[in-house]
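Trainee: Could you walk me through a multi-chain model, feature by feature? I'd like the general idea each time, then the case in hand.

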Amino acid sequence: MTGPVLEVQNLSVTFQGDSGPVHAVRDLSLSVAPGEVIGIVGESGSGKSVTMMSVLRLLDTRRTEITAGRLAVDGRSLLGLSGRALQDMRGPVVSYIFQDPLTALNPLLTVGRQITEGLRRHRGLSRAEARAWAMDLLRRVGIPAPELRINQLPHQMSGGMRQRVMIAIALACDPKLLIADEPTTALDVTVQAEIVRLVQSIQAERGMAMVWVTHDLALLARLADRVVVMYAGRIIEDAPARTLYAAPGHPYTAGLLASTSRIDDPFTEQAPIPGTPPDPRVIAPGCSFAPRCSRALPRCLNELPDLVAQGQDHRLACFNPLPGART
Amino acid sequence: MTRATARRFFGRHAIGLIGLTILFLVVTSALFAPWIAPHPPSAVNLMARLVPPAWVEGGTFSHVLGTDNLGRDILSRVIYGAQISLSVGAGAVVIGAIIGSSVGLLAGYFGGWVDAVLSFLINVQLSFPFTLLAIFLLATFGGGFLSVVVVVALATWVNYARVVRGQVMSVTNQDYVEAARSVGVPTLRILRHYILPNILSPIIVVASFSMAQAILTEAALSFLGVGVGGTQPSWGMMLNDGRNYLQNAWWMTAMPGIATALTVLAGNLCGDWLQDRTDPRLRQ
Amino acid sequence: MPLFLFKRFLQAVLVLIGVSFLTFIVAHLTGDPVELMARENATLEDKQELRAFLGLDRPLAEQYLSFVGKAVQGDLGYSFVQRAPVTQLIAERLPATLQLAAAGFLLALLISVPLGIVIALKRNTVWDVVVTALAMVGQAAPGFWIGLMLVVLFAVELQILPVSGYGGPLYLILPAITLALQSAARLTRLVRASMLEVLNADYIRTARSKGLRERTILFIHAFRGAMIPVVTMAGLELAELVSGAFITETIFAWPGVGRLAVNAVYQRDFPLIQGVVLMAAVFFVVINFVVDVLYVVIDPRVKLK
């Protein structure tokens, strides 16, 4: 099977907020190949998490409207899928690692229970089999003394431990696609690197596809094959990591890179991008970044640039891209 | 205002509007009772005993809500009854708020053994079958308006004490209060300038709920015959009168009960609304 | 016993001491029982003698200690009005009250927990609005008034239930409903709010991301967490029910402790009142302690704090 693991075409997500609709994601298209690692980067509120949550409809269905031309995982369309069929996809096909393991784990259930329940649901394992499997998983994610830990509650563990448990839960049913939603943001800096390395090694070992959502562009440099940059609910640039870091096409991407500290050049002044992201309740006719953009042309304010291919593997939504990106 | 914003406005403030409207009607009835009430509340008319409400067979429009066992007009008595309920409610709220807030303020601000002792008092009060104590006190020392107000205030002061204590503790731990303390701002000044403004809105929220609770308690006490007493009708007294006529004059019981329920509902609605407007964490 | 429970236990003991002292003082302030007990033509000497016999001439502290000492042994004094030991009078009436309170409590839980969960799941629908509105009205109307109206409907108009009295299960229905409704209204709103809060928690999303069935998510992941505040509240509600029983028993001529106490107030039977108040307070304290124990059972985090 060589088709993409994840196909998203023309996805839009709208929330019913207290003060009117919020357009969190607008007309987004994306695909992830088997075994590929994609980084999605953007500021908070750019719609990066919402995009990935809407893949398996983990958002509050009462307040969220999801429309898409196509939304498929592993060749199977998810659009209009009923509750039970959707549940069968969650876990064995796509699984998630969430940001804050303290709130993402149920405080009242043992770690063992939280790992095994997915196994028992999807794989039909007995209690003992699931437990043995969970023990292996705990060992694999680097938790010492799993036979003790398996009976503990989340709050009896450290933050890093908890995130390892979260990873074990996500890996339990051997998913085709792993979605990691800022899995290191809530952790201590020292622990972050360990968790990144752990996920990376497991991904390599199992060969599953992975989407890593983050606001940290530097982190993706050593992790992702391809980086997708989001701004105000849209993809503005999508390029192989190497291309993107060497020659970003979108002024926003360039700005993000400039504001990221670089190990090889510690003395360059970090330049934050001036201005603030737009209000997602208000749709501007032009490019959302135009008001903050130093390269904005008059048409940028009135016309929306499409996301168009700029040569192989590189998509860009900008009327006045940086010169290096032109091929 | 467009229709959408109107809907949003009324959606968010609907319960407040309903509560305030009812409260306004009740307060107006109480204040202008002599002009609104169609009959004097205690005018006995033995020729017109137990007349049913106007919409029931045998009812007349001169007694819209019917008459009681002595031929007194129930609508008029309900209107006058609002005076008692509201004044007991208001009196109890003022006394309860003063006692409770002071206790909460002291416990929260000084902490340590002061807090330990006062929290202990609060716990004792909460572990007490209060209705019984209230009946007991009123039966012993006699009823009357002031006794009822005091007893009802004693029932509600704990609400203020708990909320104020918590709020004061969280405010006192704020950096700006610590700073003010460390540079030697006098205690009273800190209380007045830093802490009082922060506990005012929770007190108002608690007062709304306590007003409702006070009116319910007054009704229960009067119903048991240990209430305000006197010649002026109160809703609880009317309920007590009606109890012996359940078999043939349900309206004697129904009307004052509805009046009580509406007024209490208004207090609770205002409380809910204020709470949403100020701090949802205060929900009890 | 975990430290948390030990602390709570000590607190409960302290509260009991406080409550017993308060009861004692209030009873002492209520007037001289000798004036009530003595014959009308009793002389001053007669009264002195009676006072000495009752131990009322001793210092207050000593009287209190003897009161507590006897209470611990189950002796709550002697009712001169009823001419029987208080403990015996209470014991006779207790089963009826417990029966009523248990029925009312069970009913309140049976109404509120399922209803609260259902309207939480169907939030912002017509069902939610209707049930929430009903609950608000139920909270606002005096419980005893609803009871009286139920009597009008079911006993006077429809004549399918007895007006009042004590007997078979039919007699229990109206008092139990009367007692339960206000608690049910409060608890329904609490269950709804608590359930909504839990359903919004991150860990529910995690559970969903594992592909668990909605049923599993609801009963294993959400229910337990949602019940933590409800258990705390339910304990207080049970205490509230015991208070409510005083009026309910009076309305329905239910031969329980509440009616005994209300009559004792009218007859100025102070030892009896004192006994009932003390017993009710002990009951409250015990309930609070049981709630704390339950709390540890459902929420294992408490134990470790």
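This is a predicted model: local features need pLDDT of at least 70, side-chain atom pairs count only at pLDDT 80 or more; totals for chains, interfaces and linings use all residues.

Mentor: Residues are numbered from 1 along each chain as its sequence is written, and chains are lettered from A and ligands numbered from 1 in the order in which they are written.

Trainee: Which chains have the most contacts between them?

Mentor: Two residues are in contact if their C-beta atoms, placed from the backbone, lie within 7 Å. Two pairs of chains touch, and the most contacts are between chains B and C. Chains A and B share no contact; their closest C-alpha atoms lie 8 Å apart.

Trainee: How many residues of chain B are in contact with chain C?

Mentor: On the chain B side there are 33 residues, and they meet 39 residues of chain C. The elements that give two or more residues to this side of chain B are α4 (112-126), α5 (130-141), α8 (187-223), α9 (235-243) and α10 (250-278). Such elements are DSSP runs numbered from the N terminus: helices are H or I with at least four residues, strands are E with at least two. The most comes from α10(B), with nine residues.

For the classes, Ala, Val, Leu, Ile, Met, Phe, Trp, Tyr, Cys and Pro count as nonpolar, Asp, Glu, Lys and Arg as charged, and the others, Gly among them, as polar. The side of chain B that touches chain C has 23 nonpolar, nine polar and one charged residues.

Trainee: What does the contact of chain A with chain C take from each chain?

Mentor: Chain A gives 24 residues and chain C gives 19 residues. On the chain A side, the elements that give two or more residues are α2 (83-89), β7 (94-97), α3 (101-104) and α4 (111-123). The largest share, four residues, belongs to α4(A). By class, this side of chain A has ten nonpolar, nine polar and five charged residues.

Trainee: How should I read a helix pair across the B and C contact? At what angle do α10(B) and α6 of chain C pack?

Mentor: Axes are lines fitted to C-alpha atoms, for helices over the stretch in contact, and angles run from 0 to 180 degrees between N-to-C directions. Here α10(B) and α6 (residues 126-140) of chain C pack at an angle of about 115 degrees, with axes 8 Å apart. Angles under 35 degrees count as roughly parallel, over 145 as roughly antiparallel, 65 to 115 as roughly perpendicular and the rest as oblique. The two helices are therefore roughly perpendicular to each other.

Trainee: Which residues of α10(B) and α6(C) meet?

Mentor: From α10(B) come Ala261(B), Val264(B), Leu265(B) and Asn268(B), and they meet Met136(C), Val137(C), Gln139(C) and Ala140(C) of α6(C). Six of the residues in this contact are nonpolar, two are polar and none is charged. As background, an α-helix has 3.6 residues a turn, so residues three or four places apart point the same way.

Trainee: Why does Gly100(B) count as buried?

Mentor: Gly100(B) counts as buried because it has 27 C-beta neighbours inside 10 Å. This glycine lies in α3 of chain B. Leaving aside neighbours within four places in sequence, Gly100(B) is in contact with Trp157(B), Val158(B), Asn159(B), Tyr160(B), Ala161(B) and Val164(B).

Trainee: And where does Pro92(A) lie?

Mentor: Pro92(A) is in the loop between α2 and β7 of chain A. This proline is buried too, because 20 other C-beta atoms lie within 10 Å. Not counting residues up to four places away in sequence, Pro92(A) touches His122(A), Cys173(A), Asp174(A) and Pro175(A).

Notes
A residue is buried if 20 or more other C-beta atoms lie within 10 Å of its own, exposed if 12 or fewer, and partly exposed in between; C-beta atoms are placed from the backbone.
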